[in-house]
Amino acid sequence: DGVRDDRVGALRAWATTCDLDKPHYVLSSRSLSVYPGQRIVFYGVTPTIMGRKLFTLRRLVVPLRQVDRGPSIVPQVGSSVEEGQFIKTSFAYMGTQSQSGFLTLDLMSKKGFGQGLRHSYQFTNASGELSLYRLNDRTIDQNTLTGRFAHSQRLGTVQASISSDFRSNSYLYAPE
């Protein structure tokens, strides 16, 4: 059903980004509401991976604003030489007109459990982003930490920018 251009709703709906005939993972829900360009709200949502239902949430909100700049909010399942079998996902903790924030959770059979944070903001004269990612890397038996901060601001007729990157034992930059 639909209400003008403000909302589209569906009953007994499911969503996935897997393009296989039998998807590896789906989000099935009792109902959902899509607010174009803003968010999708799933009600009674159950994530299913490889045919196994994991749990049911009363409500799950997926922001659509700045989603191209944020981490994947639909779980990614796959494998790579460095990480082994993996499942990677993110959860939005903030989605407003001027800010968005994501918590990242990754489970990798070779590397271990990774967690991160990505927060971006945009105001009238300023914008920026802060990201942190931590992994207790089992293949090198060390903690790795990757971080980035970037801020840009207009001061009268001058555009000022500052950025900083931090890497400690990051396998993405030195896999050996």
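Colleague: With which side chain does the side chain of K88 make a polar contact?
Modeller: This is a predicted model, in which local features need pLDDT of at least 70 and side-chain atom pairs count only at pLDDT 80 or more, whereas totals for chains, interfaces and linings use all residues. Residues are numbered from 1 along each chain as its sequence is written, and side-chain values use heavy atoms, with hydrogens and water left out. A polar contact is a pair of N or O atoms within 3.5 Å, where, within protein, one must be able to donate a hydrogen and the other to accept it, and residues adjacent in sequence count only if both atoms are side-chain atoms. For K88 the contact is at 3.0 Å, and its partner is the side chain of E83.

Colleague: In what do the side chains of E83 and K88 meet?
Modeller: Side chains of opposite charge can pair when their charged atoms come close. The term needed here asks for a side-chain nitrogen of Lys or Arg within 4 Å of a carboxyl oxygen of Asp or Glu. For E83 and K88 the N to O value is 3.0 Å, and their side chains meet in a salt bridge.

Colleague: Is K88 buried or exposed?
Modeller: K88 has its place in strand 8, residues 84–95, where strands are DSSP runs of E with at least two residues and helices are runs of H or I with at least four, numbered from the N terminus. Buried means under 20% relative accessible area, exposed over 50%, and partly exposed in between, with a 1.4 Å probe and protein chains only. Because its relative accessible area is 18%, K88 is buried.

Colleague: What is the relative accessible area of E83, the partner of K88?
Modeller: E83 and K88 form the salt bridge described above. E83 also counts as buried, and its relative accessible area is 8%.

Colleague: Which residues is A13 in contact with, leaving aside its neighbours within four places in sequence?
Modeller: Contact means heavy atoms within 4.5 Å. With those neighbours left aside, the contacts of A13 are L27, S28, S29 and L32.

Colleague: How many bridges join strand 11 to strand 12?
Modeller: Two strands pair if DSSP finds at least two bridges between them. Strand 10 (residues 112–122) and strand 11 (residues 126–137) pair in the antiparallel sense over nine bridges, and a hairpin of three residues joins them. Strand 11 and strand 12 also form a hairpin, with four residues between them. These two strands run antiparallel, and the bridges that join them number twelve.

Colleague: What positive phi does R12 have?
Modeller: Most residues other than glycine have a negative phi. R12 has its place in strand 2, residues 7–15, and is exposed, with a relative accessible area of 71%. Although R12 is not a glycine, its phi is positive, at about 45°.

Colleague: Where does M50 lie?
Modeller: M50 also has a positive phi, of about 55°, although it is not a glycine. Its relative accessible area is 57%, so M50 is exposed. M50 lies in the loop between strand 4 and strand 5 (52–53).

Colleague: How many residues apart are K111 and D137, whose side chains meet in a salt bridge?
Modeller: The salt bridge of K111 and D137 is at 3.1 Å, N to O. K111 lies in the loop between strand 9 (99–108) and strand 10, while D137 is in strand 11, and the pair links distant parts of the chain, 26 residues apart.

Colleague: Which residues are linked in a network of salt bridges?
Modeller: A search of the whole structure finds five salt bridges, and one of them joins R167 and D165 at 4.0 Å, N to O. R167 is partly exposed at 34% relative accessible area, and D165 is partly exposed at 45%. The residues linked in the network are R148, D165 and R167.
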